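Hi everyone, thanks for coming. Let's have the model up on the screen, and then I'll talk you through it.

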Amino acid sequence: MTDQDDKSAGQARASRDDRLKSALRENLKRRKVQARERAAMTGALENDDGSLDEGTAGET
């Protein structure tokens with residue numbers, strides 16, 4: 001009877017590991033997309049000299 005318990009525990013562990021791997025992979029993909037979007041937004045907000053565009057506050 002312990003052989004079946006060991007096998008089912010091993011299968012449960014493998015199933016859990018697979019779910020965790022999948023969740024981690026999806027999280028990594030989502031974070032990469034977020035990082036790319038932030039980089040694109042930062043690039044759009046920068047002026048040619050590299051300073052941030054803060055609207056008309058600094059204009060004279």
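Okay, one definition before we start: a residue is called buried when its relative accessible area is under 20%, exposed when that value is over 50%, and partly exposed in between. Take Lys29: its relative accessible area is 46%, so Lys29 is partly exposed. Keep in mind that what you're looking at is a predicted model.

Now the overall picture. The chain has 1 helix and 0 strands. There are 60 residues in the chain, and buried ones make up 0% of them. As for surface, the chain exposes about 5,800 Å², and 50% of that is supplied by carbon and sulfur atoms.

Which residue forms a salt bridge with Asp17? That's Arg13, and the closest N and O atoms are 3.9 Å apart. Both Asp17 and Arg13 sit in helix α1, which covers residues 2-45, and they're 4 residues apart, again about one turn of the helix.

Is Arg13 buried or exposed? Arg13 has 52% relative accessibility, so it counts as exposed. Asp17 comes in at 28%, so Asp17 counts as partly exposed.

Note on methods: Residues are numbered from 1 along each chain as its sequence is written. This is a predicted model: local features need pLDDT of at least 70, side-chain atom pairs count only at pLDDT 80 or more; totals for chains, interfaces and linings use all residues. Side-chain values use heavy atoms; hydrogens and water are left out. A salt bridge is a side-chain nitrogen of Lys or Arg within 4 Å of a carboxyl oxygen of Asp or Glu. Helices (H or I, at least four residues) and strands (E, at least two) are DSSP runs, numbered from the N terminus. Buried means under 20% relative accessible area, exposed over 50%, partly exposed in between (1.4 Å probe, protein chains only). Accessible areas come from the Shrake-Rupley method with a 1.4 Å probe; for residues, only the protein chains shown count as cover.
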